[in-house]
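Welcome to a short tour of a protein structure. Take a moment to look it over, and then read on with the view open beside you.

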Amino acid sequence: MADETWIFEYVRQFEREEYLLPNTWIVVRIDGRGFHKYVSFTNLCKNPIRLAPLWLQARISNHYGFVKPNDIRALDLMNAAAQHVLHVLHDIMISYGHSDEYSFVFHKSCTLFERRSAKIASTVVSTFTAAYIHLWPRYFAEPAPTGTFLARHSNGGGSTNVIAIEGNPQSQETSREKADLAISHLPTFDARCISYPSNHNLKDYLSWRQADCHINNLYNTTFWALVLKGGMSNTEAEEFLKGTLSSDKNEILWSRYGINYNNEKEIFKKGSVVLREYKMLEPTEAARRIDIDVASDLPKEDELSKTKREKIRKARQKADVVVRHIDIIKDDFWQQRPWLLTGQPGSSV
Ligand code: DGT
Ligand code: MG
Ligand code: MG
């Protein structure tokens, strides 16, 4: 039988590969599938009777009781899974995530899997998902902390009709029951590869994701304040916010509920950046040394000597992979961290 495999081998000809363009940045964006199903309304309100219709509706889809508008456990878990991906795949220079998504950026010079799109995307997403599932119990063993935005602001706004799990033993119990992952509701992620030809395109891509984080978070924060503190229905809050600008939402939060949006946690407002940490350059020194749009690149990996390749791999392996909640839109971010674009590991911190 073994000798006759050639009879079947023609089937290989049906396989098609997409090779990503050489010398372009490869971004793999992963996104949670159906994550709205993990959200709970029940753990947010001390007055479930008033919100009964909402509550009943939510029970249908809610499973793990993510806290609205942000569940720090869920975000920390996403970040830990992303850190693991950077530890495993040293060609990734930086990643950025918020909500249920993460973008992983491979250096232009990367030759991993001969730049085959399907191999790269599937390796990233399965590595991320495996870590997410493995680490889940570490982040969801405890009920959500009560320091979520509505709880923190419940005094300032003079209103008391909101959260928290702490004040609602029933919700606490429900939350514990839901800590274990159920086979019927295992979190999964999809993935796609995109290649960007210039440093400028790459920076704009990441800026776009961070701007999206800001817009969504401001909207969600205001929306849930109107619903949970202001007693509006979902539809009423949605209508109310139609056509409003960022400044209007900031004003609504402040004047109605005493919430200063600027004081919200950075992780909620800016999302999370995961990168290898080296010694940062002073902005002035950095500006002299690097023009971010034409930053010199490493030669293609296969053009480097084996020794040089090994040296780079080891330096990347040794570096700490850290999580930061900072502005990545401004040039400063890139100028202080030239290794992100050049691919040359910096000096250790
Ligand atoms: P998809 O991606 O098309 O399969 O559908 P979804 O449901 O994953 O929707 P998507 O990715 O557009 O939006 C992310 C959902 O995840 C959104 O409904 C809010 C939810 N989510 C993510 N992180 C948190 C969190 O920390 N707290 C809460 N309450 N919800 C979150
Ligand atoms: Mg999703
Ligand atoms: Mg999403």
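A cavity, in this report, is a set of grid points where a 1.4 Å probe fits but cannot get out. Please keep in mind that the model is predicted.

**Enclosed spaces**

How many cavities of 30 Å³ or more does a search of the whole structure find? The search finds 5 of them. The largest cavity holds about 60 Å³ of space. Its lining includes Ile92, Met93, Tyr278 and Trp339, along with Arg276 and Arg316. Gly343, Gln344 and Pro345 line this largest cavity as well. Sorted by class, the lining has 5 nonpolar, 2 polar and 2 charged residues.

**The magnesium site**

Now turn to the metal. The magnesium ion (ligand 3) is coordinated by Asp31 (OD) and Asp100 (OD), at 2.1 to 2.3 Å. These two residues bring together distant parts of the chain, being 69 residues apart. Asp31 also bridges this ion and the magnesium ion (ligand 2), and the two ions lie 3.4 Å apart.

**The nonpolar cores**

The largest nonpolar core has 37 residues, and those that touch the most other members are Val28, Ile30, Phe66, Phe104, Phe106, Phe128 and Tyr132. Elements S1, H2, S3, helix H3 (117-140) and strand S4 (189-196) each give two or more residues to this core. Which of them gives the most? That is H3, with 10 residues.

Leaving aside residues up to four places away in sequence, Tyr132 touches Phe35, Phe66, Leu77, Met78, Ala81, Pro187 and Phe189. There is also a second, separate core of 22 residues, with Tyr96, Ala319, Val322 and Phe333 among them.

**A last stop at Asn79**

Asn79 lies in helix H2 (residues 72-88). Is Asn79 buried or exposed? With a relative accessible area of 6%, Asn79 is buried. Beyond residues up to four places away in sequence, Asn79 touches Tyr102, Ile267, Ser272, Val274, Val323 and His325.

Definitions and conventions: Residues are numbered from 1 along each chain as its sequence is written. Chains are lettered from A and ligands numbered from 1 in the order in which they are written. This is a predicted model: local features need pLDDT of at least 70, side-chain atom pairs count only at pLDDT 80 or more; totals for chains, interfaces and linings use all residues. Side-chain values use heavy atoms; hydrogens and water are left out. Helices (H or I, at least four residues) and strands (E, at least two) are DSSP runs, numbered from the N terminus. Buried means under 20% relative accessible area, exposed over 50%, partly exposed in between (1.4 Å probe, protein chains only). Contact means heavy atoms within 4.5 Å. Donors are N, O and S atoms within 2.8 Å of the metal (3.2 Å for Na, K and Ca); water is not among the atoms, so sites may look incomplete. On a 1 Å grid over the protein atoms alone, a cavity is a set of points where a 1.4 Å probe fits but cannot get out, and a pocket is an open set with protein on both sides within 12 Å along at least five of seven lines; lining residues have an atom within 4 Å of a point. Grid points are joined across faces, edges and corners, and a volume is the space filled by probe spheres set on the points. Ala, Val, Leu, Ile, Met, Phe, Trp, Tyr, Cys and Pro count as nonpolar, Asp, Glu, Lys and Arg as charged, and the others, Gly among them, as polar. A nonpolar core is a set of buried Ala, Val, Leu, Ile, Met, Phe, Trp, Tyr and Cys residues joined through side-chain atoms within 4.5 Å.
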